[in-house]
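Here is a short report for a reader meeting this structure for the first time. Please look over the sequence and the model before reading on.

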Amino acid sequence: MPGIIKVDTIQNNGGTTGLTIDSNGVVTQKNRPFFHVTLDQSSTQNSGGTILPFGRVVEDTESAFNTSTYKYTVPIAGLWMLKMGVRINNNSDANNYTRMSIHLNGQTPNLFKIMDPIVHSQGTSYNHFTQDFILRCSVNDVLDIRNHGATNFQSQENESHFQGLYMGE
C-alpha cells in the first residue's frame, strides 16, 4: 500500500533509538532535553535586577545549567517550554512590589514584559506565582530568572523552581 511505513523503532545509523511506537500507537521520544533547578537555600533579594540563585539541579539531561552563574545555556535550537515558580515571603516595604521575569541573553523579551506577574504586598505574607511560556531559542542562548521589583524579600528554597523542556523545531 503506498504511503505507509510500518516500523516499531526508528534509530540512527549508529543504532541509537530515537523513537518507538507501541502496539497502541503511543510514540515515545528518547533523550528529550530537560532541566529542573531549584533554590538550594532560601534567598534574600536586596536589589532589583538580581538573578535568582537557583543553585540546586534536580535534573539536567544536557548538563547545561551553571550553578555558579544560575544560568542555562541552550544546547539545541528550537522551541522550548519554560516554567518558573517563585514563592515570596516577607516583603518588608509597603511601597514595593515584586516582579520576576525570564531573561534571554540578558534581556527581557518584549513578550514577557506583558506577562510578568506582579505581587504587591507587605509584611509576613506568602505569595507564589508561576509563569509558563514557549520560546524559540538558538544554540548558546542564555536563560535566567531575575527580580525587577522589590528590594527586600525572601524566596523560599523548596517552593521556587525554573524548568525547561525542548519541544522540537
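## Salt bridges

Arg146 and Asp144 form a salt bridge, with their closest N and O atoms 2.7 Å apart. Both Arg146 and Asp144 are buried. The model is a predicted one. In it, the count of salt bridges comes to 2.

The other pair discussed here is Arg136 with Glu169, whose side chains meet in a salt bridge at 3.9 Å, N to O. Arg136 lies in strand β12 and Glu169 in the segment after β15, so this pair ties together parts that are 33 residues apart in sequence. Arg136 counts as exposed because its relative accessibility is 52%. Glu169 counts as exposed too, at 66% relative accessibility. Side chains of opposite charge can pair when their charged atoms come close.

## Confidence in the model

The average pLDDT of the chain is 79. A score of at least 70 is reached by 73% of the residues. One stretch needs care: over residues 113–117, pLDDT stays under 50. For that stretch the model has 14 contacts beyond four places in sequence.

## Overall build

The chain has 169 residues, and 38% of them count as buried. Its secondary structure comes to 1 helix and 15 strands. Take the contacts between residues at least 6 apart in sequence: 69% of them join residues at least 24 apart. The chain exposes about 9,300 Å², and carbon and sulfur atoms supply 46% of that area.

## The nonpolar core

In soluble globular proteins, nonpolar side chains tend to be buried together. Here the largest nonpolar core has 25 residues. Those with the most contacts inside this core are Phe54, Tyr72, Trp80, Leu82, Leu143 and Phe162.

Which strands each supply at least two residues of this core? They are β4 (34–38), β9 (78–91), β10 (98–104), β12 (123–137), β13 (142–147) and β15 (161–168). Strand β9 gives the most, with 5 residues.

## A nonpolar patch on the surface

Some nonpolar residues sit on the surface. Ile5, Val7, Ile10, Ile21 and Val27 form a nonpolar patch there. Together they have about 440 Å² of accessible area.

One of the five, Ile21, belongs to strand β2 (residues 17–21). Ile21 counts as partly exposed because its relative accessibility is 30%.

Ser23 lies in the loop between β2 and β3 (27–29). Is Ser23 buried or exposed? Ser23 is exposed, since its relative accessible area is 78%. Ser23 and Asp8 are 15 residues apart along the chain, and their C-alpha atoms are separated by 8.4 Å.

Most residues other than glycine have a negative phi. Tyr70, however, has a positive phi, near 65°. Tyr70 is placed in the loop between β7 (65–66) and β8 (71–73). With a relative accessible area of 26%, Tyr70 is partly exposed. Asn140 has a positive phi as well, near 75°. Asn140 is found in the loop between β12 and β13. With a relative accessible area of 54%, Asn140 is exposed.

Terms used:
Residues are numbered from 1 along each chain as its sequence is written. This is a predicted model: local features need pLDDT of at least 70, side-chain atom pairs count only at pLDDT 80 or more; totals for chains, interfaces and linings use all residues. Side-chain values use heavy atoms; hydrogens and water are left out. pLDDT is the predictor's confidence in each residue, from 0 to 100. Contact means heavy atoms within 4.5 Å. Patches are made of residues with over 30% relative accessible area and no salt bridge: like charges are joined within 9 Å, nonpolar side chains (Val, Leu, Ile, Met, Phe, Trp, Tyr) within 5 Å. Accessible areas come from the Shrake-Rupley method with a 1.4 Å probe; for residues, only the protein chains shown count as cover. A salt bridge is a side-chain nitrogen of Lys or Arg within 4 Å of a carboxyl oxygen of Asp or Glu. Helices (H or I, at least four residues) and strands (E, at least two) are DSSP runs, numbered from the N terminus. Buried means under 20% relative accessible area, exposed over 50%, partly exposed in between (1.4 Å probe, protein chains only). A nonpolar core is a set of buried Ala, Val, Leu, Ile, Met, Phe, Trp, Tyr and Cys residues joined through side-chain atoms within 4.5 Å.
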